[in-house]
Each structure stands twice: as C-alpha cells, then as structure tokens.
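Student: Could we go through this model together? I would like to begin with a helix pair.

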Amino acid sequence: MTLPVFLADTNTLQPAPSQLKVGQQAQLRGEEARHAISVRRLRVGEQLDLVDGQGLRATCTVSAVAKDTLSVQVQSLSHTPPPALRLALVQALAKGGRDEQAVETCTEVGVDLIVPWQGERCVSVWKGPKADKGRQRWQATARQAAKQARRCYLPQVEQLHSTAQLANWVRDSCAAGQVVVLLHEEASAPIASVQLPQSGQIAVIVGPEGGIGTSETQALVDAGAQLVRLGPHVMRTASAGAVALAVLAQRAGLWG
C-alpha cells in the first residue's frame with residue numbers, strides 16, 4: 001500500500017518544506033497534523049509522505065505524537081519535475097455537487113489547472129461573495145483529491161469566468177500556442193483527432209447539464225476552441241471532463 005500523503009507549507013511545517021534535509025526532524029502542525037493523528041491514527045514508527053503541492057515529496061517516519069503536533073524524521077527527499085504538457089479543465093457550474101465531483105475526479109486524473117465557468121444555461125449561480133466561496137470550495141475539493149491520489153502537485157483553481165471572459169482566456173491560450181477543445185455532442189470531429197502539442201497546455205471545456213448555447217459555442221470557437229465529441233454517448237458534466245482528460249493524458253504519454 002502506498003504511504004498516506006499530507007500537504008505541508010510554511011505555515012504548517014517547521015522547518016519549511018524547502019529547508020528539509022534527510023535525517024532532519026520536522027514538526028507538522030495544524031489541520032494536517034490533526035488529520036494524521038485523529039483520523040489516520042498514525043503512531044510512532046509509521047511512515048508518511050509530506051508534499052508541498054509543487055513537486056517536493058519527503059518520505060518520513062513518525063517520531064513523536066502530541067495533541068496537535070506530529071514529529072517526523074525525514075528519510076528521503078525527491079522532487080518530481082512538472083510535466084511538459086499541462087492539463088486544464090474549464091468546468092461549467094452545475095447543481096447537486098456535480099461540478100465538485102468533476103473537480104475531484106479530474107484531480108485524480110491529473111489536471112493542473114481548473115477554471116470555473118458561469119455558462120448561460122448554468123442552474124447554479126455564483127454571485128458576489130458566493131463566487132469566492134465557491135472557488136475556495138473547489139480548491140478544498142482539489143486539495144483533498146490530490147492527497148487521496150498521492151499527488152505531489154496541487155491543482156490551482158482560478159476565479160470564476162463569464163462566457164466573455166472565457167472567450168478571452170481561450171483566445172490568449174491559443175495565441176500562446178496552447179490547445180483548447182470544447183466538448184459538444186453535435187461535433188463531427190472525435191477527440192482522438194486533436195493534435196497534441198509536445199509542451200505547454202491542453203484545456204478541455206465542459207458545459208453545464210443543459211448544454212452549451214449556440215451563441216456561446218460560436219464565441220468560443222471564434223476564439224480558437226476546437227469543437228470535438230467525446231464518444232458515441234452523451235456524458236454528464238460530472239464525468240465528461242475526467243474521461244476527456246484521461247484520453248488526452250494517455251495519448252500524450254503522461255500515464256506512461
């Protein structure tokens with residue numbers, strides 16, 4: 001069984017992750033330490049991985065357990081370089097927690113960037129303070145999913161985008177040589193026909209449960225998005241992005 005993973009940063013780990021050395025003692029505090037002690041019930045002598053969300057992984061052995069502090073000794077250090085090709089998900093808001101389910105599954109698949117999209121047909125609406133709370137909720141979902149998947153990189157969730165803002169984002173991405181695909185049930189080109197870049201980023205746009213409006217589709221295609229179909233069946237917004245990213249990741253050799 002793989003070791004449990006806990007996220008550590010300058011606020012929760014002493015010394016800071018960037019200052020860790022093999023053989024050194026370190027103390028994990030805060031929510032991550034409480035989870036390790038109270039939920040995972042780690043004890044002296046057991047091992048775990050500490051990651052900083054930016055590629056660093058420290059394999060450690062528990063040396064002492066206190067009420068809200070986990071003391072560990074660093075056994076090994078490694079740094080996984082970022083992939084040459086990054087995966088991005090543009091996810092339309094959805095009701096019933098289906099958008100958060102998409103964030104969770106896509107994080108497990110390996111997504112690096114997540115962009116919330118307020119489409120015209122979205123039933124769920126983020127307005128005012130709700131937009132920031134929604135982004136924070138998605139970020140927390142990605143954080144937990146990254147730990148569950150034993151990832152050493154933490155996906156970042158951007159601010160909510162309107163369709164106009166998303167069109168600008170697509171235009172800027174394509175101008176930078178990146179690839180953006182828009183999943184659409186009426187598209188004639190299969191996702192397997194997309195030419196993958198060797199480096200940079202490829203993004204998948206997933207619409208809401210009610211589908212993507214004609215004017216929205218045209219605006220995104222005009223901005224440079226490639227209209228593709230995922231397969232012979234129509235998938236829900238919670239699963240379409242993960243399946244599309246998995247297909248692209250396999251084709252790009254990211255799962256090799």
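**Helix packing and backbone**

Tutor: In α2, D99, E100, V103, E104, T107 and E108 meet R137, W138, T141, A142, A145 and A146 of α3. Contact means heavy atoms within 4.5 Å, and helices (H or I, at least four residues) and strands (E, at least two) are DSSP runs numbered from the N terminus. This is a predicted model, in which local features need pLDDT of at least 70, side-chain atom pairs count only at pLDDT 80 or more, and totals for chains, interfaces and linings use all residues. Residues are numbered from 1 along each chain as its sequence is written, and side-chain values use heavy atoms, with hydrogens and water left out.

Student: How do the residues of the α2 and α3 contact divide into nonpolar, polar and charged?

Tutor: The contact of α2 with α3 has five nonpolar, two polar and five charged residues. Here Ala, Val, Leu, Ile, Met, Phe, Trp, Tyr, Cys and Pro count as nonpolar, Asp, Glu, Lys and Arg as charged, and the others, Gly among them, as polar.

Student: At what angle do the axes of α2 and α3 cross?

Tutor: The axes of α2 (residues 98-109) and α3 (residues 129-148) cross at roughly 35° and come within 8 Å. Axes are lines fitted to C-alpha atoms, for helices over the stretch in contact, and angles run from 0 to 180 degrees between N-to-C directions.

Student: Turning to α5, which of its residues are buried?

Tutor: In α5 (residues 214-222), E216, T217 and L220 are buried. Buried means under 20% relative accessible area, exposed over 50%, and partly exposed in between (1.4 Å probe, protein chains only).

Student: Why do the buried residues of α5 line one face of the helix?

Tutor: Seen down the axis of α5, they fall within an arc of 100°, so they line one face. The arc is that of the directions from the helix axis to the C-beta atoms. The face turned away from the buried side carries the exposed residues T214 and D222.

Student: What covers the buried residues of α5?

Tutor: The cover includes β8 (113-118), α4 (163-175), β11 (179-183), β12 (200-206) and β13 (226-228).

Student: New topic: which peptide bond is cis?

Tutor: The bond from Q14 to P15 is cis, with omega near 0°. P15 lies in the loop between β2 (13-14) and β3 (25-29).

Student: And what is the phi of R41?

Tutor: R41 has a positive phi of about 55°, although it is not a glycine. Most residues other than glycine have a negative phi. R41 is exposed, with a relative accessible area of 53%.
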